[in-house]
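Biologist: Could you take me through the geometry of this model, one question at a time, and show how each answer is reached?

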Amino acid sequence: MSIATPTYASRTSVTLDAVGALLLAVLWIAPLAFALWAAFHTPQGALSFDLFAPVTLDNFRTAWAGAPWPRYFLNTTMLVTVILAGQLFFCTLAGYAFARFHFPGSDLLFMLILLQLFILPEVLIVENYAMVSRLGLFDSILGIGAPYMASAFGIFLLRQAFKGVPRELEEAARVEGCGWTGVLWRVYIPAAKPVYLAYALVSIATHWNNFLWPLIVTNSNESRPLTVGLSLFAAPESGVNIAVISAATLFTIAPLLVAFLIFQRQFIQAFLRAGIR
Amino acid sequence: MTSPAPFIVLTGITKSWGDSQGVAGIDLTIARGDFVVLLGPSGCGKSTTLRLIAGLETPNTGRVLIDGKDVTALPPAHRGLSMVFQSYALFPHLSVAENIIFGLRVRGLPKAERSERLEKALSLTGLKGYEDRKPSALSGGQRQRVALARAIVAGHPLCLMDEPLSNLDAKLRHEVRQEIRQLQQELGMTVVYVTHDQTEAMGMADRIVLMKNGLIEQQGPPEDLYEQPATAFAASFVGSPPMALLPAGKLPPALSAGLADGLIGVRPEALRLAGAGEAGLPARVTGVEFLGGETLVYLDSAAGALIAKLPGRPAVVRGSDVQITWSASDRHLFEAASGKRISNPAGLSAPAERKTGRMV
């Protein structure tokens with residue numbers, strides 16, 4: 001993809017790349033664009049694609065009144081917070097251990113954790129369900145979050161970040177009086193700040209959108225997150241039309257969308273950089 | 001100059017990692033208030049020795065005593081010392097001020113005392129006005145000063161320095177050398193300083209500990225190492241340009257000091273051009289370097305290459321043949337096999353042998 005030499009062949013490939021990228025972008029944005037269109041029109045207007053169809057906010061009013069949305073928002077917020085807190089805690093400690101301490105079997109253990117990345121979470125749903133029930137966490141926020149807290153990806157990411165910190169910094173901190181917790185808190189965590197930010201953004205986005213596992217492990221409005229609530233709201237038997245569903249979809253994804261727009265640069269940059277190291 | 005009670009005592013220290021030998025067994029005593037330089041080529045174990053004193057490494061055998069207390073098993077934080085690292089090891093996310101008081105904060109000193117000590121350290125190192133900068137916004141020399149300030153702010157009686165000047169350019173290095181020495185004397189600190197640069201060691205040390213292959217080769221005041229090198233290695237490592245070491249067998253009989261084999265060492269400044277009728281070593285001039293007050297003359301002879309430091313501007317040119325000679329009192333004799341000094345052979349008017357410190 002060298003654009004430095006503007007030969008005929010390379011220019012063609014650049015054009016093809018651009019067209020391909022554009023096509024993918026349009027395909028990706030299409031459902032969102034349609035939801036945006038449908039949410040502000042009557043069901044008839046939404047499906048007729050009449051540019052001059054009357055714009056309305058009724059869909060939002062109907063949708064908001066149709067389900068306990070504030071409760072769902074609260075649940076999802078609590079869920080992503082609990083998961084992120086657990087992940088930061090466990091992955092920091094595990095990443096630090098794998099990066100800087102050598103104990104018998106540490107390499108083997110790390111390999112096993114990496115292997116976990118190859119297993120689709122969906123495969124584990126039945127086993128997780130049994131485990132969560134045994135723990136008495138069924139139908140609770142903690143129950144939805146627990147399987148994700150010791151994230152293999154997070155451990156890997158933080159181990160890499162910690163390994164990139166020069167040893168002399170740790171030694172200087174130890175000479176200045178830090179124990180191992182002090183070294184972690186005052187040297188490693190501050191040094192890995194961009195990685196933490198990137199990881200937090202990805203974690204929040206993932207768990208805000210997670211659907212299948214919460215659907216299975218919840219059965220009351222007290223613990224259901226937004227995604228599950230939305231799917232119940234949109235079920236065909238409740239007879240809700242496409243315009244109202246679109247409106248509900250829009251406000252469930254709104255916080256995430258706003259966050260993405262704010263953190264767009266960190267989201268892309270920091271994450272790319274964290275992976276390379 | 002120094003109190004008689006030893007401040008640091010290392011006894012029977014060894015440290016190795018698998019096959020690689022760091023320190024092969026050393027005993028070392030350092031007096032309070034001394035500026036001691038651990039000198040040697042890379043891989044000689046000098047940095048390992050420093051890290052063993054710091055507590056960043058634990059010895060395989062032997063004991064480390066600081067101020068009469070056995071600290072062999074203590075972590076660095078409980079040894080009452082500070083350290084300056086080669087890379088300075090400044091925390092990139094903290095400002096200059098926060099870097100300096102890092103240790104005070106860790107140890108939970110009250111805020112008033114922290115800022116008081118910070119002020120003092122800032123003014124001692126000339127860093128006033130840079131408190132709020134991040135290390136990334138400082139020059140190499142300034143970073144070096146921050147590392148120094150962090151080392152002195154706690155007021156520990158012992159400061160360890162691991163090649164602290166190797167990342168500075170030559171001119172700055174010379175300045176900072178003087179400053180470190182001055183600071184050490186002002187604060188009465190004991191400093192253990194690691195370097196591979198013998199001019200640095202000569203210029204700063206009260207005592208030099210010369211190391212080779214994990215062992216102490218020679219130790220003593222700089223002038224002892226220079227004037228009475230205990231081995232051929234010490235002779236060639238200390239002094240710049242290095243001492244010429246000539247195999248006695250290849251010298252003309254008049255200059256060979258009666259040795260059949262063995263090495264004759266002569267400092268460059270002790271070499272001179274032979275006068276008429278004086279016995280000399282024939283040599284060819286391969287290069288001339290005029291330095292102002294003196295001239296370095298590079299020579300090639302049957303006994304090997306050597307460098308002479310001649311006063312002023314001698315009348316020699318590249319390619320000319322000269323006779324080179326030296327006084328018997330200026331020569332150093334070493335055994336061929338072991339490299340050990342042959343001390344004061346009978347009938348020589350060499351200066352009285354001085355005690356070369358505590359030899360190991």
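Biologist: In this predicted model, which residue forms a salt bridge with A:R61?

Modeller: Side chains of opposite charge can pair when their charged atoms come close. The rule asks for a side-chain nitrogen of Lys or Arg within 4 Å of a carboxyl oxygen of Asp or Glu, and for A:R61 the closest N and O atoms of the pair are 2.6 Å apart. Both partners lie in helix 3 (residues 58–65) of chain A, three residues apart, about one turn of the helix. The partner of A:R61 is A:D58.

Biologist: Which element gives the largest share of the side of chain B that touches chain A?

Modeller: On that interface, 23 residues of chain B are in contact with 13 residues of chain A, about 1600 Å² is buried between the two chains, 62% of it on carbon and sulfur atoms, and four residue pairs are in polar contact. Two elements of chain B give two or more residues to this side, strand 6 (81–84) and helix 3 (102–106). The residues of the side divide into 13 nonpolar, six polar and four charged. The largest share, four residues, comes from helix 3 of chain B.

Biologist: Are helix 4 of chain A and helix 10 of chain A roughly parallel or roughly perpendicular to each other?

Modeller: Helix 4 (residues 69–100) and helix 10 (residues 180–191) of chain A pack with their axes 12 Å apart, at an angle of about 95°. In the contact, A:T92, A:L93, A:Y96 and A:R100 of helix 4 meet A:W180, A:V183, A:L184, A:Y188 and A:I189 of helix 10, and these residues divide into seven nonpolar, one polar and one charged. Because angles of 65 to 115 degrees count as roughly perpendicular, the relation of helix 4 of chain A to helix 10 of chain A is roughly perpendicular.

Biologist: Where is B:Y88 found, and which peptide bond is cis?

Modeller: Most residues other than glycine have a negative phi, and most peptide bonds are trans. Phi of B:Y88, however, is positive, near 75°, and B:Y88 is found in the loop between strand 6 and helix 2 (96–100) of chain B. B:P241 lies in the loop between helix 9 (232–237) and strand 11 (244–247) of chain B. With omega near -5°, the cis peptide bond is the one from B:S240 to B:P241.

Terms used: Residues numbered from 1 in each chain as written. Chains lettered and ligands numbered in written order. Predicted model: local features only at pLDDT ≥ 70, side-chain atom pairs only at ≥ 80, totals over all residues. Heavy atoms only, no water. Axes fitted to C-alpha atoms, helices over the stretch in contact; angles between N-to-C directions. Parallel < 35°, antiparallel > 145°, perpendicular 65-115°, else oblique. Contact = heavy atoms within 4.5 Å. Nonpolar A, V, L, I, M, F, W, Y, C, P; charged D, E, K, R; others polar. Buried area = accessible area lost by both parts, 1.4 Å probe. Polar contact = N/O pair within 3.5 Å; in protein donor to acceptor, adjacent residues only side chain to side chain.
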